[in-house]
Amino acid sequence: MWLFGVVALGALFLLKKRDRLSKHFTLEQLTASQTAKERRIPNDPNPAQIENLRSLATHTLDPLFSLIGPFQLTSGFRSVQLNQAVGGIANSKHLLGKAVDLRSTRYPPAEIVLLIQQTGIPYDELIAYSGHVHLAVNGSGYSGSGRSGGRSF
Ligand SMILES: [Zn+2]
């Protein structure tokens, strides 16, 4: 049992950016940032944050993909430094790997929000901006990745 735990933890750390987090999404898609690239800001989630991204991708983004087809993630996980650089609020769920900004070439943001609300895809925050939808989850309603103990950061 102990050995298994160590091996599992090791596998988590070896997760590469191209690896799939869910059926339709890779770690790279959920961490990509033009600002981080341009300003050379590190944006690497830790294992707990990766698990949050995996949960978000599996329970919310994959069903959304099935609903509206391919869409673009304009912002996913943000390190503290990146969040400050893009003007994110201090307690943004992007910092935890529990939020994404997305847009579709086929549906305007307000319509995406409506579709999500009508279909029961899980979310906690859902906001239509002029150019994108901000979607965040709280994670506590998810099964499969274990309980977090209700701690918030
Ligand atoms: Zn956002």
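**Exercise 1. Determine in which sense strand β3 (residues 125–128) and β4 pair, and over how many bridges.**

Solution. Strands here are DSSP runs of E of at least two residues, helices are runs of H or I of at least four residues, and both are numbered from the N terminus. Two strands count as paired if DSSP finds at least two bridges between them. For β3 and β4 there are four bridges, and the sense is antiparallel. Within this pairing, E125 stands opposite A136 in β4. The two strands form a hairpin, with four residues between them.

The model is predicted, and local features need pLDDT of at least 70, side-chain atom pairs count only at pLDDT 80 or more, while totals for chains, interfaces and linings use all residues. Residues are numbered from 1 along each chain as its sequence is written.

**Exercise 2. Decide whether the faces of strand β4 (residues 133–136) are covered or open.**

Solution. In a regular strand the side chains alternate between the two faces of the sheet. A residue is buried if 20 or more other C-beta atoms lie within 10 Å of its own, exposed if 12 or fewer, and partly exposed in between, with C-beta atoms placed from the backbone. Of the 153 residues of the protein, 30% count as buried.
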